[in-house]
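Me: I have a structure open and would like to go through it slowly. Can we take it one topic at a time?
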Amino acid sequence: MRMLQATGLSLLLVFLVGLSATAQAADREKLLSDPGVFGTFAVFAVDDAWWRLDREARAKVGEEIKGVLDKHGEQVVADLYLLRGLSDRADLMLRLHSTDLARHQHLVLDFLATSLGRYLHNVYTFHGITKPANYVPGFSDDLKAAMKTPPDPGPKPYAIVVPIRKDADWWNQPQAARLEMMQEHAQVTTPYLKTVKRKLYHASGLDDLDFITYFETARLDDFHNLILALERIKENRHNRRFGHPILLGTVCTVGDLAEVFAR
Amino acid sequence: MRMLQATGLSLLLVFLVGLSATAQAADREKLLSDPGVFGTFAVFAVDDAWWRLDREARAKVGEEIKGVLDKHGEQVVADLYLLRGLSDRADLMLRLHSTDLARHQHLVLDFLATSLGRYLHNVYTFHGITKPANYVPGFSDDLKAAMKTPPDPGPKPYAIVVPIRKDADWWNQPQAARLEMMQEHAQVTTPYLKTVKRKLYHASGLDDLDFITYFETARLDDFHNLILALERIKENRHNRRFGHPILLGTVCTVGDLAEVFAR
Amino acid sequence: MRMLQATGLSLLLVFLVGLSATAQAADREKLLSDPGVFGTFAVFAVDDAWWRLDREARAKVGEEIKGVLDKHGEQVVADLYLLRGLSDRADLMLRLHSTDLARHQHLVLDFLATSLGRYLHNVYTFHGITKPANYVPGFSDDLKAAMKTPPDPGPKPYAIVVPIRKDADWWNQPQAARLEMMQEHAQVTTPYLKTVKRKLYHASGLDDLDFITYFETARLDDFHNLILALERIKENRHNRRFGHPILLGTVCTVGDLAEVFAR
Amino acid sequence: MRMLQATGLSLLLVFLVGLSATAQAADREKLLSDPGVFGTFAVFAVDDAWWRLDREARAKVGEEIKGVLDKHGEQVVADLYLLRGLSDRADLMLRLHSTDLARHQHLVLDFLATSLGRYLHNVYTFHGITKPANYVPGFSDDLKAAMKTPPDPGPKPYAIVVPIRKDADWWNQPQAARLEMMQEHAQVTTPYLKTVKRKLYHASGLDDLDFITYFETARLDDFHNLILALERIKENRHNRRFGHPILLGTVCTVGDLAEVFAR
Amino acid sequence: MRMLQATGLSLLLVFLVGLSATAQAADREKLLSDPGVFGTFAVFAVDDAWWRLDREARAKVGEEIKGVLDKHGEQVVADLYLLRGLSDRADLMLRLHSTDLARHQHLVLDFLATSLGRYLHNVYTFHGITKPANYVPGFSDDLKAAMKTPPDPGPKPYAIVVPIRKDADWWNQPQAARLEMMQEHAQVTTPYLKTVKRKLYHASGLDDLDFITYFETARLDDFHNLILALERIKENRHNRRFGHPILLGTVCTVGDLAEVFAR
């Protein structure tokens with residue numbers, strides 16, 4: 001630690017970012033595409049007192065967080081997001097994937113035991129599980145084909161989390177009625193498949209939600225138009241909760257976080 | 001105390017866990033199955049300041065909590081849950097059972113007077129009472145038989161608490177209409193009887209709830225599907241409050257708690 | 001003060017309890033049964049910092065509170081309740097009765113100026129006024145007779161406060177329609193007259209409530225069944241707010257409070 | 001300052017009260033009766049830390065507040081209210097009248113820069129504007145005559161603020177329908193004109209309200225019955241928000257405030 | 001820095017205000033009128049602790065904030081508003097315009113890293129995007145002409161932000177029905193075009209809103225009447241959220257802010 005500090009913080013950050021890019025490569029692809037995987041979104045706000053610590057006390061943020069992610073890296077895929085500056089009352093977010101929520105608990109406990117963690121308030125935690133597509137098999141062939149449009153390559157720096165709860169009418173109607181509405185849903189979203197990546201988690205019972213919807217994009221105007229299109233369809237009448245909060249942040253590395261919180 | 005510390009914290013923890021397993025064995029079975037028993041769920045969040053105390057000041061957590069539980073152990077069955085890392089804005093939960101709520105008050109007062117307790121905020125307290133099954137006598141024989149499926153053996157590390165309030169329409173309809181809906185309720189839950197243990201508390205008047213539903217499972221995917229099944233039936237139209245909050249944690253021992261809070 | 005401390009805290013407490021039993025006897029009966037009397041329920045949560053004061057700084061709680069109650073004792077009847085350990089986010093409650101709310105303000109100002117008071121947050125204050133029974137004169141003779149059942153003698157250690165707000169439909173319907181519903185209300189409550197004492201305060205305009213309902217009982221199971229019975233009648237459709245919060249505590253003396261807060 | 005303290009706090013208070021009675025006499029009558037005047041209700045809760053300052057640090061409250069009110073006294077009429085002890089989570093209220101809200105902002109900024117102000121949280125601020133009576137010209141002559149009943153002389157120590165928001169149906173119905181309901185409103189209030197003084201502010205757009213209703217009375221029982229009468233008329237069906245909070249306090253002088261906050 | 005302080009705070013402030021007037025002139029016009037521009041409203045409340053710092057620690061507010069705005073001035077147009085004294089629980093607001101939200105995040109991160117920023121709580125952040133007028137092309141020619149009325153010249157010191165969310169019915173009706181309602185909307189606003197400047201941001205998906213409406217005026221009575229007119233039309237039935245909060249403040253310079261926060 002001493003030596004690292006001596007070589008300068010900026011060097012350390014480059015070093016950490018490099019490491020974190022390789023350390024979790026193992027099963028990331030699989031955990032991020034398989035059904036039956038648990039996803040946790042843990043959102044934290046930092047206490048004011050943190051910012052009044054002297055710089056030295058805050059300097060080891062990067063190293064400590066990297067230590068926590070590495071320790072659990074074989075089993076839990078962790079993504080980091082900087083919400084500070086874009087979302088009120090929230091500063092950073094962890095997205096975790098693994099096949100067992102207890103592993104997420106252990107990781108978060110270790111995260112909260114770091115120097116920074118002792119100053120964090122866990123303002124939201126949402127859990128969901130991934131499942132095979134529910135309605136897609138019933139869609140028209142044209143729609144199925146359109147939905148295979150791959151996202152454009154290139155960085156998608158913005159991430160948005162929208163928690164959703166449906167009303168009792170939604171769940172009490174027959175599957176065919178839901179299928180029809182979800183087909184309309186899928187149709188209006190196809191124009192945005194190239195620029196807005198999406199991922200869906202089923203949450204009923206694991207939190208006060210039915211779904212967690214997660215988005216990544218470089219085009220927030222497209223994302224806005226996508227949500228607007230979803231407001232204009234029948235399904236919207238069954239959204240008892242849509243957002244509250246909508247969490248908007250930027251994908252970041254341990255190094256980015258360290259830079260912000262060690263300022 | 002001094003000596004225990006000298007022998008090392010880990011030894012102490014093994015020791016405590018061993019003790020706590022035997023100390024409350026007395027009437028646990030009975031209190032957890034009888035009607036007419038009060039159940040209290042007291043949920044606490046720890047103040048930031050706790051984590052900034054030096055390690056020594058935090059080291060006696062396990063011993064002190066064990067002392068409180070032992071003191072009341074003849075009359076109150078206490079279970080501990082670690083919510084930290086899984087539920088936002090909440091760190092730990094006590095579940096208490098006895099035939100008199102005043103005993104729960106005394107236990108909680110003692111708990112809050114420990115070193116840790118002085119840093120705890122009591123963010124939720126729910127009370128309920130157990131009663132003989134209300135609707136089961138009117139169910140079909142097949143359903144009654146199916147409902148006798150015993151839970152699979154083995155540990156069920158996850159615990160979930162879902163507070164529920166029904167609307168005025170629910171309570172104002174005739175018992176026969178409620179019976180029909182509860183029969184549908186029971187039917188959709190039978191596939192999960194092996195993997196999800198449930199316990200029901202009646203809460204009207206004791207808190208801003210009508211029911212506290214408590215679940216234990218090793219299979220959070222089954223628990224999720226159980227709740228999803230309950231969303232799809234008519235009864236769901238009468239849930240004015242379902243969760244808010246849903247509390248998700250892991251069953252733990254005094255030793256586990258001590259390990260986390262003395263870090 | 002010094003001398004009292006020298007003789008031991010427990011002696012002081014016996015002394016205080018003895019005194020408080022006689023000091024307010026004057027017009028208690030009358031103020032608690034007359035119409036036209038104001039009732040105030042002031043609920044407080046103690047700041048964490050209180051528990052970190054040394055014991056000596058906290059030792060004079062009993063003496064100081066007794067001083068405040070005595071100072072106002074000729075005009076204000078004060079009852080104390082311990083909510084800590086039973087109700088979340090609330091530690092103690094004052095119930096005050098007199099013919100003038102300004103007296104309650106003066107008493108609370110003095111209470112908040114004690115050593116303990118400086119660490120209290122006033123989380124709820126509800127005000128109501130007692131009035132002659134509104135609907136009883138229109139009830140059937142049988143019901144009127146049944147309602148005269150006196151409560152069983154003996155201590156009723158639990159107190160519950162349920163704030164209520166009716167909807168606009170309730171207030172806009174003719175008195176006859178309300179009378180019919182209130183007759184049903186009275187009928188379902190008669191089985192509980194022996195074990196659950198009740199008192200009603202009218203609150204419209206004095207707070208965001210229409211009624212404050214206050215209960216004392218030794219039988220929380222009966223109280224639960226009473227509330228359940230009230231949920232099953234038509235009147236329940238007109239409760240825009242019922243509880244939120246329901247406050248549950250135990251009747252206590254200055255000595256009890258002092259014991260808990262001076263720990 | 002030194003000298004004033006030497007002459008004793010009580011003398012200072014008498015002195016201040018005397019001064020404040022004359023200092024703002026200028027245009028008070030006019031500003032409190034003209035249309036087109038802005039009214040601001042700024043409500044503050046004092047931080048716990050204030051009460052732990054030593055007495056000397058708190059002694060200059062009266063002098064400082066008087067200084068602020070005098071500085072702005074030519075343009076802003078200020079009234080003070082003590083909410084502490086009667087309303088939860090709020091300790092004092094300023095009511096300001098002038099022809100320009102910016103003047104209220106300057107006064108509040110100065111108020112918050114006093115020793116006490118630095119410990120105040122501004123928990124509510126409501127703004128409204130006075131306007132000529134909207135519906136009265138359309139009332140029957142009898143009602144118009146009845147409405148001219150002057151309030152009884154004598155002190156009216158209690159003040160109550162009730163913020164109100166109407167629903168979209170209210171605003172979308174024709175003026176004639178609103179007139180009919182407001183005539184009913186006026187009729188049921190006439191019995192209380194002698195004992196309850198009222199003042200109305202229009203707030204749409206200036207805050208999350210449509211109206212601020214302000215009351216002064218010595219008879220809280222009459223005020224309660226007035227509100228009850230208003231709940232029983234059709235207009236009540238269109239109150240989307242009525243209160244939340246209802247603020248109840250006592251009219252006070254700078255001296256009264258100083259006495260309470262310098263304790 | 002040293003030297004500036006030596007020349008006196010008042011001189012510094014004049015200097016800063018002068019600078020800030022020219023520094024951002026570059027693309028302000030374009031960013032404030034083009035479609036496709038992101039607008040961010042970031043609202044902050046200052047922690048009590050700030051006011052207890054000594055004056056010297058607070059003296060560099062102006063210089064630091066100016067440094068942040070200058071650093072980002074080529075890409076982000078920033079406006080400042082003083083909410084303190086007019087809006088509860090909020091002290092200051094930044095309005096930012098640029099073509100990329102990430103720039104707003106960087107600016108806010110730098111702002112929060114100033115001496116003052118370390119004591120700020122980010123209580124609200126709303127984001128929106130500007131778009132070409134949606135309904136205007138379908139309006140009558142008369143209305144289109146009326147809508148071209150330019151605002152009166154002269155300062156408009158008050159700024160008001162009203163966040164709005166429409167209901168599912170609004171979005172699910174055909175464009176023609178929305179056009180009709182928006183034409184009515186436009187008509188009732190024309191009388192206020194001279195005295196109330198307006199700007200609209202589309203927010204769906206970027207926050208828990210559909211629109212952010214921003215107003216500037218010197219005539220708060222006109223602004224009030226404008227909002228009242230909008231309450232009286234059909235569109236109001238589709239406002240699920242209108243305000244909550246309405247933010248009311250005064251346009252200010254860095255110098256004004258510095259003067260208030262360095263007091």
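Me: Let's begin with one side chain: is Arg219(C) buried, exposed or partly exposed?
Reply: Keeping in mind that this is a predicted model, Arg219(C) is partly exposed, with a relative accessible area of 39%.

Me: And which residue does Arg219(C) meet in a salt bridge?
Reply: The side chain of Arg219(C) meets that of Asp222(C), with N and O 3.7 Å apart. Asp222(C) has a relative accessibility of 15% and counts as buried, because the cut-off for that word is under 20%.

Me: Which residues of chain B are joined into one network by salt bridges that share partners?
Reply: That network in chain B is made of Arg28(B), Asp79(B), Arg95(B), Lys197(B) and Glu216(B).

Me: How many salt bridges are there over all chains?
Reply: The count over all chains comes to 74 salt bridges. One of them is in chain A, where the side chains of Asp48(A) and Arg52(A) meet at 3.2 Å, N to O.

Me: What about those two, buried or partly exposed?
Reply: Asp48(A) is buried, at a relative accessible area of 11%, whereas Arg52(A) is partly exposed, at 35%.

Me: Changing topic, how many residues of chain B are in contact with chain A?
Reply: On the chain B side there are 36 residues, and they are in contact with 37 residues of chain A. The area buried between these two chains is about 3,300 Å², and carbon and sulfur atoms give 47% of it. Within chain B, the residues that lose the most area to chain A are His224(B), Arg232(B) and Arg263(B), which together make up 18% of what that side buries.

Me: Which residue of chain A does Arg263(B) meet in a salt bridge?
Reply: Arg263(B) meets Asp110(A), and the N to O distance between their side chains is 2.9 Å. Arg263(B) also forms a salt bridge with Glu259(B) in its own chain, where the closest N and O atoms are 3.5 Å apart. Glu259(B) is partly exposed, with a relative accessible area of 36%.

Me: How many salt bridges and polar pairs are counted between chain B and chain A?
Reply: Between chain B and chain A the count is 2 salt bridges, and 26 residue pairs are in polar contact. Helix H4, strand S5, helix H11 and strand S9 of chain B each supply at least two residues of the side that touches chain A, and the largest share, 8 residues, comes from H11(B). By class, that side has 16 nonpolar, 8 polar and 12 charged residues.

Me: Now chain A and chain E: how much area do they bury between them?
Reply: Chain A and chain E bury about 3,300 Å² between them, with 47% of it on carbon and sulfur atoms. In chain A, the residues losing the most area to chain E are His224(A), Arg232(A) and Arg263(A).

Me: Which side chains meet in a salt bridge there?
Reply: Among the 2 salt bridges counted between chain A and chain E, one joins Asp169(E) and Arg237(A) at 2.2 Å, N to O.

Me: Last topic, helix H9 of chain E: what length should it span?
Reply: Helix H9 of chain E has 15 residues (175-189), so at 1.5 Å a residue it should span 21 Å, and its end C-alpha atoms are 21 Å apart, which agrees.

Me: What do the buried residues of H9(E) pack against?
Reply: The buried residues of H9(E), including Arg178(E), Met181(E), Met182(E) and His185(E), pack against helix H7, helix H8, strand S6 and helix H10 of chain E.

Note on methods:
Residues numbered from 1 in each chain as written. Chains lettered and ligands numbered in written order. Predicted model: local features only at pLDDT ≥ 70, side-chain atom pairs only at ≥ 80, totals over all residues. Heavy atoms only, no water. Contact = heavy atoms within 4.5 Å. Buried area = accessible area lost by both parts, 1.4 Å probe. Salt bridge = Lys/Arg side-chain N within 4 Å of Asp/Glu carboxyl O. Polar contact = N/O pair within 3.5 Å; in protein donor to acceptor, adjacent residues only side chain to side chain. Helix = DSSP H or I, 4+ residues; strand = E, 2+ residues; numbered from the N terminus. Nonpolar A, V, L, I, M, F, W, Y, C, P; charged D, E, K, R; others polar. Expected span 1.5 Å × (residues − 1). Buried < 20%, exposed > 50% of the residue type's maximum accessible area, 1.4 Å probe, protein only.
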